[in-house]
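Here's a quick tour of a protein model with a ligand in place.

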Amino acid sequence: MKTGGRIALPGDKSISHRALILGAISEGRSEVTGILRSADVRSTASVLRSLGVEISDLDAPVVSVEGTGRRGMRAPSADLDAGNSGTTTRLMAGVLAAQRFRARMVGDASLSRRPMGRISKPLTAMGAGFAFSHGDGLPMAISGGDLRGLTWRPEVASAQVKSAILLAGYCGDVPVEVHEPSATRDHTERMMRARGADVRVEGTSVSFLPGRAMPATPTAVPGDPSSAAFFAGLAALAESGEVELPGVCVNPGRVGAFSVLERMGARLRYDGLREDGGEPVATLYAAPAALRGVTIEPDEVPSLIDELPLLACVAARAEGETRVTGAAELRVKESDRIALVVANLRSVGAEAHELPDGFVVRGSGRPLAGSVVTRGDHRIAMAFGVLGAATGGDIAIDDPDCAGVSYPSFWAELAKVTR
Ligand code: S3P
């Protein structure tokens with residue numbers, strides 16, 4: 001397979017969710033450009049609209065959000081459906097913890113299996129009420145109200161947990177501190193600070209002190225590095241050519257996969273590095289080279305957690321072994337990504353095995369053919385789409401449309417840059 005061309009990247013998913021949510025709890029009308037138009041972001045918009053927040057058409061070039069302030073949302077008349085989106089559920093739980101009503105969050109089968117104890121525990125300690133029907137999964141009813149301050153040490157490194165606590169602190173007007181086991185993406189901190197909030201970061205500790213209400217602030221959403229990674233991986237696997245990825249967010253908390261691809265031997269280069277809307281942005285160029293297996297260390301994992309299915313597929317074509325540990329979180333993503341990545345690699349003829357908290361893949365140049373089960377997991381579909389597009393791949397994917405959760409135009413872009 002040869003590659004070549006330029007990809008117009010979709011907006012970053014994490015920043016798109018936050019632009020809507022922060023717009024909703026600020027004062028006045030916020031305008032958002034470059035928002036990701038995907039199923040997950042539509043879930044956040046629809047949950048906010050059910051809470052009385054006016055959001056204009058997501059498909060228009062500029063999206064406006066009418067802020068209702070810290071605690072200005074209204075009780076919903078039906079369940080809040082977060083669809084497939086963990087970010088919608090966990091960040092909105094932080095906001096709902098401070099509203100003076102009860103609301104119930106529901107989601108699809110995959111989301112309903114994901115653990116919510118990690119946010120219900122700190123938010124309960126702040127004074128919110130939580131009720132679950134089974135275990136700590138959705139449906140989850142949240143009774144919001146007056147909150148107290150909190151110092152929390154989450155067991156898992158999770159930007160969603162950190163963000164839920166920061167949002168509850170802001171909406172509840174109380175101080176919070178989060179001490180993370182390792183650093184996670186910092187978009188919430190950056191975006192709150194850009195709105196004048198007193199958010200301080202020291203190493204892996206983040207604190208918020210109450211103060212003025214956040215004013216409406218425009219957001220220009222940069223390109224999603226997690227979406228870019230599929231094309232950087234594709235370029236790494238190609239026989240020749242170069243892919244150009246303009247406007248990608250290169251926040252240090254998000255670029256671990258690019259560093260790993262470089263370590264594997266891929267030729268990556270950044271051009272035109274600049275700061276845009278509080279995030280570092282650049283054009284990324286990616287080109288092929290002979291690939292070798294690498295070790296991915298536990299402390300790198302948060303910066304590439306969503307890219308591990310793709311890296312596993314690239315590893316199936318690298319010389320030698322790739323080993324990932326410290327990634328037990330993969331088991332509670334949209335699917336059990338350790339089990340599903342390994343099972344799918346094996347079913348197309350690659351060598352891979354599970355570890356309790358990661359996996360090992362041994363690469364080869366042999367033909368890889370067969371079918372892949374996605375269980376509705378967008379990143380599994382796209383990772384194996386890349387592997388199938390590479391030379392020697394003949395892979396059928398059971399549900400390619402699930403890519404629409406984060407990257408609706410993925411298959412069209414893939415066809416454009418492969419020949
Ligand atoms: C996200 C954080 C990560 C990531 C998810 C989006 C966010 O999850 O996997 O796709 O926007 O904060 P965790 O924070 O649970 O690790």
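The protein's accessible surface comes to about 14,800 Å², and 49% of that belongs to carbon and sulfur atoms (Shrake-Rupley method, 1.4 Å probe; for residues, only the protein chains shown count as cover). This is a predicted model: local features need pLDDT of at least 70, side-chain atom pairs count only at pLDDT 80 or more, and totals for chains, interfaces and linings use all residues. Residues are numbered from 1 along each chain as its sequence is written, and side-chain values use heavy atoms, with hydrogens and water left out.

Of the 419 residues, 59% count as buried, meaning under 20% relative accessible area with a 1.4 Å probe, protein chains only.

Now the ligand. Residues around it (a heavy atom within 4 Å) include Ser 14, Arg 18, Thr 87, Arg 185 and Asp 306. The table gives some polar contacts, that is, pairs of N or O atoms within 3.5 Å.

| Protein atom | Ligand atom | Distance |
|---|---|---|
| Ser 158, polar side-chain atom | oxygen | 3.1 Å |
| Ala 159, backbone N or O | oxygen | 2.7 Å |
| Lys 333, polar side-chain atom | oxygen | 2.7 Å |

The protein covers 94% of the 380 Å² of accessible area that the ligand has on its own.

Key: A polar contact is a pair of N or O atoms within 3.5 Å; within protein, one must be able to donate a hydrogen and the other to accept it, and residues adjacent in sequence count only if both atoms are side-chain atoms. Buried means under 20% relative accessible area, exposed over 50%, partly exposed in between (1.4 Å probe, protein chains only).
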